[in-house]
Structure formats: structure tokens, C-alpha cells
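Let's take a friendly walk through a protein chain together. Have a look at the sequence and the structure first, and then we will go through them piece by piece.

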Amino acid sequence: MTDKGSRQKPVSSKRAVPSVAAASIQSVCVYLESQNYSLDEWRASHGLSREEVMAPDGRFQLTVLHDVLDYAVSVTKNPCVGLLIGAEISTSSMGVIGHILFNNRTLGEALTQYVRLAALVNEGLAIELEVDDGEAIVSFEYIQPALYHAVNIDRMLVQTVARAKKYVSEQVFMTRVGFHHEEPASRLPYDEYFDCPLNFSEPRSYIAFDHKFLDFELPQRNPYLHQALSRQVESLLGRLRQHRSLSARVRHLISGRLSQGDFDAEAIASELCISRHTLYRRLKAEGNSFHDIIESARRDKAVAYLRKNKYALSEIAFLLGFSELSAFSRAFKRWTGQSPASYRRSNGSGPAKH
């Protein structure tokens, strides 16, 4: 496998820029070429040939993907071009991971494997699947917030929906879709592609649908192909795990301890087999801090609980590890500028629970 990441200027000398599979960049290039746009200028700026970009086993820095998406916006003069690129799907351009996923038995098994193999597609994104109150929610979050790229999120969310409809069933519909970025000047293209309630400026980007679709059997599955392709990616997955963002691992551990209020850095470091000093140092190198990860995990869960309107405010405070409701209220107002009760009234559903 080749990695062309060294040709791209890093975002910061202290941060390791995550890598992405070449297939993501290829999808952008194929779309632009199909629309008769030349990529010669963009390739020349990175010192890349067309053969290098289109190599099936290549990997690039995430910022190379972002750069070609910015180039697409520039030449098409369309800030929503990510939606168009994501909607252009074909079996030949899906990549190894896509073929593995859609050769699972059910959609639920495919999404579970998607979460597990997500780093092979994009090391910079943390992808999670959860089932809550009758909804299955697939969320996408940039591990390094400074790298967040709205056009790439647009591309990924449309692509996910389009592939589900093509390779699973046209019956699959979204109950809601959320974007971390702000609402665009025109929502019309988004409404046309998603045909469901849309929310912007969310803590994380996500796609939500009725959990019953998780049991849908995939019509084109081939268990033998699935087994062969899975063996092919296992060694790569093992290598990537060694370099997985420490911030993502810490957040995962903290998220599982929210209700206990157990955020002892010494204990977390011990579980990761490193010292507390090393934990702090490596998080700082990734542009993060232990305190910021706790705040982020609590904030995202708080927003999710309030939107669902399933728990009373005192229960949410307990689930997030706060000793008192007043402490939770102060923290939430610091995060959002609103009290929990006010946020629930303006964003939740149904009568407010106190």
C-alpha cells in the first residue's frame, strides 16, 4: 500500500494528519471528470499523476481529500457539490470496504462492521451506531475539530443514504439527518436529497432511521466474497489501530463512565497502559486536553438526552455524572448559552420534563 500523505503540507507540526483511502478522493475526481472539469492543475499542485491518484490501494492525508473537494467547489462554483458527488455511486467505485459491508447478511451487521472498519476509510472520523427510542443513529464526528470539512460531511451523508437505497432497499427512509455545520444560505438542495427533517449546527453529524431497517436482509450478499475481502483488510486494520487517535480512545472510555462520574486521569491512563504525564502530553500533541474531552462527551450526550425528552433534567444530570442539577445547569449554559430547560423547550419534542 502506498501513502502519498507526505506530499501534502501538514496542518500542524504537532499533529499527525489522519489518512484516508484513495477511493474517497477518486470519487471526487471521477465526478469532476464526468462533468468535463480538468484536474491537471490540482494534481500538479500536489505533484501527483493520474495513475497515483487512481491507484486502488493508495492512501492520502485527509487534507488532500479536503483540498480536492475545495477544488471541486471552486471549479463548479457550487458550495453544495459534495451532495452531487455523494449521490454518484456505482459498484465499480465503491472500494473494498463498501463491498465488504454490502455482503453482510443484514443492514445492522453491515453498519456494525462499518463502525469497526471506519478508520480504513477515514482515520479522521469517529463513527458510531446507537439505537435509541426506536431510532438507529449513525453519527460522524471529526476527531480533530480543526479539520472539520462541511463539503466532505455532505458527501458522506448523501453517499450513505444513496448506497442504502441502492444496495439495501428503496424502502429505507431517514427519520432525520443532522449536520455539525451551520445551515447553508439555501436548503433546497439538502431537502431534495434527504427528503426528511434536517437539523444544522448539531454537536455531531448523523443519519437516523427506524431501527426496524437494521433487520433488513441485504439482497446482493455473497458470504464467500465477504469472507475473502474481510481477510484482506484485517492486517491493515491491525496496523491502523496502532496509530489510532488517542483522543478517540480516551473519549470512548469516558463516554462509558459518564453516569459514574469516574473521570480520573490516572485510571484512564492505566487502562491505556501509559502514564498520566504521557496521556496529557499525547493529547496535547493532538490538539486536545483531558478536560476538553470530558466536556465534549458530556455536552453531546446532554444535547441528545434533551432532544429526546425522555428523561427529567435531574435524571440527565445523574446520567452525565453531575452531583447536583444546579451543576449540570451551569455547565450546560456554559456550553450552549441556554439553560437545559430553555434548550429543551426550543429544541425538544413534546411537553418539557423537569
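Which residues are linked in a network of salt bridges? They are Glu128, Glu141, Arg204, Arg251, Arg299 and Asp300. A salt bridge here is a side-chain nitrogen of Lys or Arg within 4 Å of a carboxyl oxygen of Asp or Glu.

Before going further, please keep in mind that this is a predicted model, in which local features need pLDDT of at least 70 and side-chain atom pairs count only at pLDDT 80 or more, while totals for chains, interfaces and linings use all residues. Residues are numbered from 1 along each chain as its sequence is written, and side-chain values use heavy atoms, with hydrogens and water left out.

**The chain as a whole**

The chain contains 17 helices and 8 strands. Both are DSSP runs numbered from the N terminus: helices are H or I with at least four residues, and strands are E with at least two. The chain has 354 residues, and 49% of them count as buried. Buried means under 20% relative accessible area, exposed means over 50%, and partly exposed lies in between (1.4 Å probe, protein chains only).

Now think about contacts, meaning heavy atoms within 4.5 Å. Among contacts between residues at least 6 apart in sequence, 70% join residues at least 24 apart.

**Charged pairs**

Side chains of opposite charge can pair when their charged atoms come close. How many salt bridges does the structure hold? The count is 20. Here are some of them:

| Salt bridge | N to O distance |
|---|---|
| Glu33 and Arg50 | 2.8 Å |
| Arg105 and Glu109 | 3.2 Å |
| Arg187 and Glu183 | 3.9 Å |

Glu33 and Arg50 form a salt bridge with their closest N and O atoms 2.8 Å apart. This pair links distant parts of the chain, with Glu33 in helix 1 (residues 22-34) and Arg50 in helix 3 (residues 50-53), 17 residues apart. Glu33 counts as partly exposed because its relative accessibility is 26%, and Arg50 counts as partly exposed at 38%.

In the next pair, Arg105 is partly exposed with a relative accessible area of 43%, and Glu109 is partly exposed with 32%. As for the last pair, Arg187 is partly exposed at 26% relative accessibility, and Glu183 is partly exposed at 46%.

**Nonpolar cores**

A nonpolar core is a set of buried Ala, Val, Leu, Ile, Met, Phe, Trp, Tyr and Cys residues joined through side-chain atoms within 4.5 Å. How many residues does the largest nonpolar core have? It has 62, and the residues with the most contacts inside it are Ile25, Trp42, Phe140, Val177, Phe179, Phe194 and Phe209. Helix 8 (residues 150-167) gives the most to this core, with 8 residues. Apart from this core lies another, of 31 residues, with Ile254, Ile268, Phe290 and Ala331 among them.

Leaving out residues up to four places away in sequence, Val177 touches Leu157, Phe194, Cys196, Pro197, Leu198, Asn199, Tyr206 and Ile207.

**Two loop residues**

Asp195 is not a glycine, although its phi is positive, at about 50 degrees. Asp195 sits in the loop between helix 9 (188-194) and strand 7 (198-199). Is Asp195 buried or exposed? Asp195 is exposed, because its relative accessible area is 67%.

Ser201 is another residue other than glycine with a positive phi, near 55 degrees. Ser201 lies in the loop between strand 7 and strand 8 (205-210), and is partly exposed with a relative accessible area of 47%.

**Helices that cross**

The axes of helix 14 (residues 290-308) and helix 16 (residues 325-336) come within 11 Å and cross at roughly 100 degrees. Axes are lines fitted to C-alpha atoms, for helices over the stretch in contact, and angles run from 0 to 180 degrees between N-to-C directions. Where the two helices meet, Glu295, Arg298, Arg299, Ala302, Val303 and Leu306 in helix 14 touch Phe328, Phe332, Arg334 and Trp335 in helix 16.
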